[in-house]
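Here are my notes on this model for someone opening it for the first time. Please read them with the structure in view.

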Amino acid sequence: MKMMKHWKLYIAMLATALGFTACNEQEDGIESNETCAVEFSISTKATATTDTVSKNQLMRLFVGERKPEHGVEELHLLGVMEDVVQGHLTFNNLKPQWYKFAFVCVPRYPELELFTEENPGEATCDMNRIMVDYEPILKLGAGSITPDIPIKDGNIYRKVVSLWLEKGKTATEHVVLTRLNGQLILDMGILCDQFEHYVDSIVLELTNLPTRLYITDNDKDEIKITELKTVRFKTNPADQSERLENERKHHKLIVNLLPCELDGKIFVYTTAKNRVKEVFEFSLKTDTGQSFNIKRNTKTTLQFNGIYKGDFDVKYAGYDGTNIGVADDNWNGW
């Protein structure tokens, strides 16, 4: 069974099981004092309450419950709401019990299916085995400056809410989704000042790079990553040697990544006027063995110090520990 058919089945189940509606009407003859309800207000910023998902984003709501017949580690997937765009959701006539609601928002790429399972195509009913496949986003390549190539959207947002719903009561919950991925900015400086000969290309090779993450969070807002692979990002810099010095720009390679410790190398390929080619190789560690990290909702900038120093200066920005971002680096909100 294909994944999309699987979701459509659960979407139909969700509408029936949770009684999704815009108002608090009684349905199916069930007495309201024997059931319960939950109201969500959904936001993308800590200070807002009415934000909706943009047309370039896809948000799904996964709803889970515990069932005695399932294993201790399993979380039964009650249903999936396919395309959440509302700033408010109300579910009526629910059974009084424990529920887990996972709001997950990914970039909307019609040609890419970013939601998957531990074993793609198995049509699992265990919510703990549902994942986001980040590899298709990585394969979209890097953005860069010189030449100016915008980076493709790779932002993943999530909020997981666990609730005990009581008979005859309506729970209310304000949901603020937060960004799970980080971003690496590899600043190689002004290349014609750094290298003697023309730079044909720069390749960032990352090993042990996580490519999938689970939608659930161990009830601790954890990011559970898996599927470590080697991924290469390539940029072809513009030749700025004929430009005036004050018109030259730093060459920056920019990629969105899942949280991890960076492990890999940078390769710089050059060609001299006599067509002799040379490759420079730099490790993503300092001479003392210090490594660099990609953190959730954080921009990690590595500043190249030059051929003979062989080190990078590192700067982390864009994460203050409380909300989606800070106002001065364009990472605030969605």
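1. Burial comes first: buried means under 20% relative accessible area, exposed over 50%, and partly exposed in between (1.4 Å probe, protein chains only). Glycine 154 has 0% relative accessibility, so this residue counts as buried. The model is predicted: local features need pLDDT of at least 70, side-chain atom pairs count only at pLDDT 80 or more, and totals for chains, interfaces and linings use all residues. Residues are numbered from 1 along each chain as its sequence is written, and side-chain values use heavy atoms, leaving out hydrogens and water.

2. Glycine 154 sits in the loop between strand E9 (143–145) and strand E10 (157–164). Strands (E, at least two residues) and helices (H or I, at least four) are DSSP runs, numbered from the N terminus. Contact means heavy atoms within 4.5 Å. Beyond neighbours within four places in sequence, glycine 154 is in contact with Pro107, Tyr134, Ile137, Asn181 and Asn256.

3. Cysteine 36 belongs to strand E2. At 3% relative accessibility, cysteine 36 is buried. Its C-alpha lies 6.0 Å from that of proline 96, 60 residues apart along the chain.

4. A nonpolar core is a set of buried Ala, Val, Leu, Ile, Met, Phe, Trp, Tyr and Cys residues joined through side-chain atoms within 4.5 Å. The largest has 51 residues; Phe62, Phe233, Leu257, Leu262 and Ile266 touch the most other members. Strand E14 (residues 198–214) gives the most to this core, six residues. A second, separate core of 24 residues includes Val53, Phe103, Val161 and Val175. In soluble globular proteins, nonpolar side chains tend to be buried together.

5. How many salt bridges are there? The count is 18, where a salt bridge is a side-chain nitrogen of Lys or Arg within 4 Å of a carboxyl oxygen of Asp or Glu.

6. One of them joins arginine 60 and glutamate 82 (2.9 Å, N to O). Arginine 60 is in strand E3 (residues 57–65) and glutamate 82 in the loop between strand E4 (76–81) and strand E5 (88–94), so the pair ties together parts 22 residues apart in sequence. Is arginine 60 buried or exposed? Arginine 60 is buried, at 0% relative accessibility. Glutamate 82 is partly exposed, at 21%.

7. Lysine 100 and aspartate 219 also form a salt bridge (2.4 Å, N to O). Lysine 100 lies in strand E6 (residues 98–107) and aspartate 219 in the loop between E14 and strand E15 (225–235), so this pair ties together parts 119 residues apart in sequence.
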